4 protein chains.
Amino acid sequence: MLKKRIPFLNLSEDEENRLKHQIFDIIFETNTRTGKLFNIILLLLILASVGLVMLESIPSINARYHKLLVVLEWILTTIFTIEYLLRIYCTKKHWKYIFSFYGIIDLLAILPFFIGLIYPGSKFLSSIRILRLLRVFRIFGLTQFTRGRNVLVIALVQSREKIIAFLSFVLLIVVVIGSIMYMVERNHPESGFTSIPISIYWAIVTLTTVGYGDVAPVTTLGQFLASVVMIIGYGIIAVPTGIVTMEMNKAAKDDIPKNTEVCPHCADDYHLDSSKYCKTCGYQLNPHHKK
Amino acid sequence: MLKKRIPFLNLSEDEENRLKHQIFDIIFETNTRTGKLFNIILLLLILASVGLVMLESIPSINARYHKLLVVLEWILTTIFTIEYLLRIYCTKKHWKYIFSFYGIIDLLAILPFFIGLIYPGSKFLSSIRILRLLRVFRIFGLTQFTRGRNVLVIALVQSREKIIAFLSFVLLIVVVIGSIMYMVERNHPESGFTSIPISIYWAIVTLTTVGYGDVAPVTTLGQFLASVVMIIGYGIIAVPTGIVTMEMNKAAKDDIPKNTEVCPHCADDYHLDSSKYCKTCGYQLNPHHKK
Amino acid sequence: MLKKRIPFLNLSEDEENRLKHQIFDIIFETNTRTGKLFNIILLLLILASVGLVMLESIPSINARYHKLLVVLEWILTTIFTIEYLLRIYCTKKHWKYIFSFYGIIDLLAILPFFIGLIYPGSKFLSSIRILRLLRVFRIFGLTQFTRGRNVLVIALVQSREKIIAFLSFVLLIVVVIGSIMYMVERNHPESGFTSIPISIYWAIVTLTTVGYGDVAPVTTLGQFLASVVMIIGYGIIAVPTGIVTMEMNKAAKDDIPKNTEVCPHCADDYHLDSSKYCKTCGYQLNPHHKK
Amino acid sequence: MLKKRIPFLNLSEDEENRLKHQIFDIIFETNTRTGKLFNIILLLLILASVGLVMLESIPSINARYHKLLVVLEWILTTIFTIEYLLRIYCTKKHWKYIFSFYGIIDLLAILPFFIGLIYPGSKFLSSIRILRLLRVFRIFGLTQFTRGRNVLVIALVQSREKIIAFLSFVLLIVVVIGSIMYMVERNHPESGFTSIPISIYWAIVTLTTVGYGDVAPVTTLGQFLASVVMIIGYGIIAVPTGIVTMEMNKAAKDDIPKNTEVCPHCADDYHLDSSKYCKTCGYQLNPHHKK
């Protein structure tokens, strides 16, 4: 345990543990006043930082305010980096947090900026930090909406078998359709069918009914086949809807836990209201954090 | 109560109350003959006025008939303004009407015209007055269709939690997709991915399967990622359908009130057939207005 | 009754009635061998004639085979005209047939050709005669498929209230969206928003997720609003699916009549298997025509 | 039976039967170790060969590596041809295998290559061999996913009546819509409505909400009619979704067999777990092949 102490602070083990607990309460929980405040500020900083990245990508704005944007981005990323390190510090099982879903997102939120110092293009990936809002949403105990989301997530998870079966079927079919269309249209370069991969791209664009029109058949046979593909697509697009509707009906009937507590030891969540110990690591849960 | 009297009419309080009642019966109810007539004329005037605004927006027609269109618009807007003032006058709780759903629409229907005298462009917003048909539909006691609508409205209201959760999820995802696509395509200006906001616009156009084609990837990696986005979109588009179908099934089972009466005191509606007093303000309902 | 006899044939009333019955059995029923043969030939002639019209519309083919196509069209239309007159002749209540669903289609199938002699363009409407296949399908007693169709038709009829309510709501919303977008984009003619009607057209193209791309916003505000419209469209497109799914579930549970008999008096159909008299005109049904 | 022996091998009837059994166990089953290995290698070879065909279709890659690609394709097709002949050899009823679903796909996987020696274009159809993955998926006993697929297949098969009725209705309607739009737009060649078949293609592109935009109305009447078509399409696209959802609900309730055994005599599959003899040819099933 001694190794985990911060070296330049002269704290006893007890004092340090108390410090860790206090930090944990502020940044992981929102039932305390300071925790609430922290998370509201965090929410605003995330939104501001995503806004910054977007503004930087607009040539006219970047040309005029380049320096200001860079400075602000440095400040925000520094804050997020300190916050990330504090999160590691105050959880008991560091690696568990680092490789948890939210831990990875917290890292992905700061990584593109540092990579961007070497490969400039990648800094635009910083807007991936908007995914951090997922935790803020959950932490604020918007149970109603979280619950709505849970029905969706459960429905999607329950239907993953059927969805994977469906997607693998779609993948097989677009390869076949793409190849046939390439054979039919390849002598008409103005149609845009310049290779089988492009034709497969067209097949996906058509089957999903997106239909950009950048690739479109020009021969009579090609247009006839495309019509057949679209008619088939009619039936195909109905399948995922059917799957999700069916599973959502089932999921809606089940009870969904709405506890927003987080284990102070391993940062695991979705505990039951009656839980006294973490279901994953057995650590005692803080009863004051219950809603 | 004295303040509410019209100053230039020498009416006793009783006479004025009777007048208010008569006006109320004509413009808020349709079970009386004059009320029916009034609302049919109103329906036609609204349609005519929306038609006028549309005609004015067509350059060739506006060039030829500009003066005629302007005069007709002045006449119709004057009528609607007088009607709006009368509606305020004859309801007992003026502010309640003004800030009610229909009160706001009645105001929005005349406001753009007056703003248009200063900022010419805004007059085209006048066609927003087509929303006034909502009240006409309801008032005509098209109970069958109103009922059909109610099932829809109830289904949508019931599913608002899930829909908000779904939309916030879609918003997070389009920001992430947009940023990644911008990084991939930003060196190919012919693709149209000129900034992250434009890329997010593309992501929404693609995920909703609208697919204009004004922005479309041109690199192989971009087209591959776009294909993945479309395949994901397949599953995503199924979600709102599943939600609405589920809620509609529930809503269809419930009984929906079909009474078209309006409280003469606070203009509240959706009373039960057996109601004798307004459920909102307690004012006695007129039994002759029941269907 | 004398007036209904064909003048240039010297037939007694009895003989003529027998003749009418024979014609009726051939062209309205398919349980007799000759009736079956007649309807198969009719099916082929309809398909051939629709093919002719299509070929004539293709400039390169029309240039080369114009005369042949015209001659063939004259022959086929003459046959359909004679058949139409025979159908009138052999049904007892002539006007009832003429104004029945199939009677109108039979007329629409030959009318465009004759109008086309005066206004050449309208002859292309001749391909509307493909709707005549509806009767052929039904008459062939493809009960399985007819039954499948019936579930659809009943589901659509049952949900007409909700669908009309939904469509009127969509119409109101596209007018409002179209007006707002016109105001935003009207100073950028390259966007294609040249008038409110065109903007409404764009709103419909977008809400239905068709998305041609011939009209597309170019301003940042316009693209933002378009994104909002598409996200709303997400929810809107779910509504008709929900309605139809719900009604189809109901319709599938009910029993659907699959009798293909036609009343020899008024050409009414969808009789029950146990029916002895026509449910519409009371005429005695022919027991030999039952399936 | 003597005729079926391979002439240049001096094997007794018994020895040859044993050989056939061994080959059958390797290439048709996966519960043996060698069978598993064979099918994993086959899976990789199929993917590699489809990749080859795709690479060959990309002009820049084909220009540089043409010879290498041709040699690799010769090798892979030779392997698939030998495998196909072995499959024929080791099944007891040769013709039954050849005309079975998988037998035809196995043939289609090698045929385009040989036809491509005469008509070069057809070699691109070789990527149709990706359909061979269907057997590999099934054979690997991915019962979970196969089961997911089965629900889909059963739902689609059960709803075939309704789907055919729906498609025939859509076909009739697009012919009528296409003809009307051709009449309206044919004097505006920039709209792209150059013939009735093209107009029908447009109608399908629009009704399915694909909307390429290569053909789009330019006249006011045409755009109005197109709007009507899209609004109708709103309802139409809901129909297949309704059908599939309904049938999927039914199919999900039924029990679906998940046995992956294949009869060594006639290559029939979908046996029950309790089956001792093939349900199609009565041949004794190998109990060791049960899962």
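Start with Thr209(D), which is buried at 5% relative accessibility, in what is a predicted model. You'll find Thr209(D) in chain D, in the loop that runs between α9 (196-207) and α10 (220-253). Who are its neighbours? Setting aside residues up to four places away in sequence, Thr209(D) touches Thr209(A), Thr209(B) and Thr209(C), along with Thr208(C), Val210(C) and Ile237(D). So this buried threonine counts as buried because its 5% falls under the 20% cut-off.

Now let's look at how the chains are arranged.

Next, head for the largest nonpolar core, which has 258 residues. Which residues have the most contacts inside this core? They are Trp202(A), Trp202(B), Trp202(C) and Trp202(D). Pick Trp202(A) and look around: leaving aside neighbours within four places in sequence, Trp202(A) is in contact with Ile177(A), Met181(A), Phe193(A), Val215(A), Ala216(A), Pro217(A) and Ala226(A), and also with Tyr212(D). As background, nonpolar side chains in soluble globular proteins tend to be buried together.

Finally, a word on the cysteines. How many disulfides does the structure hold over all chains? The count is 0. Cys90(A) is buried, at a relative accessible area of 3%, and Cys90(C) is buried too, at 4%.

Definitions and conventions
Residues are numbered from 1 along each chain as its sequence is written. Chains are lettered from A and ligands numbered from 1 in the order in which they are written. This is a predicted model: local features need pLDDT of at least 70, side-chain atom pairs count only at pLDDT 80 or more; totals for chains, interfaces and linings use all residues. Side-chain values use heavy atoms; hydrogens and water are left out. A nonpolar core is a set of buried Ala, Val, Leu, Ile, Met, Phe, Trp, Tyr and Cys residues joined through side-chain atoms within 4.5 Å. Buried means under 20% relative accessible area, exposed over 50%, partly exposed in between (1.4 Å probe, protein chains only). Contact means heavy atoms within 4.5 Å. A disulfide is a pair of cysteine sulfur atoms within 2.5 Å. Helices (H or I, at least four residues) and strands (E, at least two) are DSSP runs, numbered from the N terminus.
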